[in-house]
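Let's take a look at some strands and how they pair up. Here is the structure to follow along with.

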Amino acid sequence: MTGPTSSARENGRVIEARDVRMRYGANDVLHDVCFNVDQGEVVALLGPNGAGKTTMIEILEGLRGRSAGEVVVLGEDPATAGEDWRARTGVVLQSWRDHARWTPRMLLAHIGRYYEPYSTRERRRPRDADKLLAAVGLEEKADQKIRTLSGGQRRRLDVAIGLVGHPELLFLDEPTAGLDPHGRREFHDLVKALSDREDTTILLTTHDLAEAERLAGRILVLAAGRIIANGSAEELARQIGREAQVRWRQDGVEHARATRDPTSFVRDLLTSGDDGVTDLEVRRPSLEETYLALVHEHEGGHELKSDALFEEART
Amino acid sequence: MNVMSHAVRIGLARGWTDFSLSIRSVQDQISTAIMPLVTIGYLYYQRDVPVEGTTLMLPAVALPSILAALIVFGLVTGPAFQLAMDREDGTLLRAKCAPHGTTGYVTGQIVLHALNTVLVLVVIMVPSAIVFDAFGARGAHGWLAFAWVVGLGLLATMPIGIILGSVVPNSRATVTWAFLPLMALVAISGILFPITRLWEWVQVVAQMFPMYWLGLGLRSAFLPAEAAVLEIGGSWRPLETALVLGAWAAAGLSMAPRVLRRMARRQSGAAVAQARDEVAQWGQ
């Protein structure tokens, strides 16, 4: 699957994955995964736990090898790319107790110094630690020990560290895992602000559809190690091609029809000359429903079969 | 700007930062001070016990050996435990995600553990010098010997700690991988009593490891010449000391970077997440 971006200009391509396979023993965690990400895009790799999201993003980050396939990230193969390539990427880690005695300001300044030799006229490296702390809302905690930070504050520090090298490409792996709804909301606002005004391409993984929808311009659905859908939230609903339900009342009788093209159907219905049509309702399945059905289909296996039996028994 | 030397400079600053944060941590300072203080207390209690075959008192003979044991303990278990911890909690992964960050991290570790060793030496040697007058026997010549033995000992033992820290499965395992073997070495290396009292094959085993030679080197630095009668062959054997410690240093320094690189390559978010789950299970 090349997806809707295959026609994008070649020089703006940031990530290109071709037939990526990851095998542990006899187990394939990723099967021939293909996708691209272009400059400036915010792309979410969406899938249930165990779908292979973390494996995929770590291959792209250069933190993990792969069994087969081609990967080009920022013009290089992450598996062999050197430290100069590393300087162009940012990785948002999920910290839990590292650098407990340091303060956010100290740690940010320290990590930032590694990027000093990579500063260019277009991209000043590192970013200013104080401005970054302000951007992620940690000014008040800047000089407190990191161990006193809440989970949400820690995650925002993780983002600041991921950004301190002014990366061309930022990776976020399950960035809101373990955050409460408030922390999650704050985090979403932060990433949103970043993607709106920054010159940074973002790839994130999540198992939360609402999060993918909110943050990403494009969603790649990964299930059982395969990309099973690729597009914007709207495109996804269309691509998957679930049938919409059209209901109406005609001459006192209720009608329902499932159709892939509700617009044409309704046009025909209304222009057929019969004006007894009332209570017209077109209901598209929500993206949530579509997503769950899709994942279920690909991951189901035995479960799916028993469901089918169930269906048979009912009818 | 040379990026490698830049990263080393960042690492030097990092080591100093970690050290000064440790100095300010009460918990760290208690664990740094406890062994030296127990040692001094014990030796003070034994201050009038003469050592058979010499005119010396026990503290003078025991101190250099105990210093050697403390140096080896600090330089092996220190980096081993810290590296295992830093792998688990993502410190190392964070370093790896910055350009040349691993170089900076390792430099920082070397600085941190070297400074910790200096601190332990100061904590035990300053009071001992006052209470026991333990270090004056050989004058400037002795201090010179002290400098090269400690320097070479550092090079011989810290790589062992770094290698162990790279291969231990987790930080809890450093007890069995590092601490217990070192306790066994203390028992057989002539630290607590002269090695010549042990069976010969045990002496051979002990002489294969740096702890014995570091102890011998420090005794040669601080004890009068007559005390050599307590040693194997009745000699300080400075040449052998330099050779064995040098061999360990060469082996360690050539192996440690390779083992470190291999370990660093395996660092990933998934590995850190797994470690976190394991620690959560252990209820730490």
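## Ground rules

A residue counts as buried if 20 or more other C-beta atoms lie within 10 Å of its own, with C-beta atoms placed from the backbone. Strands are DSSP runs (E, at least two residues), numbered from the N terminus, and two of them pair if DSSP finds at least two bridges between them.

This is a predicted model, where local features need pLDDT of at least 70, side-chain atom pairs count only at pLDDT 80 or more, and totals for chains, interfaces and linings use all residues. Residues are numbered from 1 along each chain as its sequence is written, while chains are lettered from A and ligands numbered from 1 in the order in which they are written.

## The enclosed strand

Take β8 of chain A, residues 218-223: 6 of its 6 residues are buried, so the rest of the structure largely encloses this strand. Arg218(A), Leu220(A) and Leu222(A) point one way, Ile219(A), Val221(A) and Ala223(A) the other. In a regular strand, side chains alternate between the two faces of the sheet.

## Its partners

β3(A), residues 42-46, runs parallel to β8(A), joined by 4 bridges; Val43(A) has Arg218(A) as its bridge partner. β9(A), residues 226-231, runs antiparallel to β8(A) with 5 bridges, and Ala223(A) sits opposite Arg226(A). β8(A) and β9(A) make a hairpin with 2 residues between them, and Ala224(A) in the turn has a positive phi of about 50 degrees.

## A three-stranded sheet

Elsewhere, an open sheet of 3 strands runs β11-β10-β12 in chain A, with antiparallel pairing. β11 (253-259) and β12 (277-283) of chain A each have a single partner strand, so one side of each lacks a neighbour in the sheet.

β10(A), residues 244-250, is joined to β11(A) by 7 bridges, with Val246(A) partnered by Arg257(A).

Methods. A residue is buried if 20 or more other C-beta atoms lie within 10 Å of its own, exposed if 12 or fewer, and partly exposed in between; C-beta atoms are placed from the backbone.
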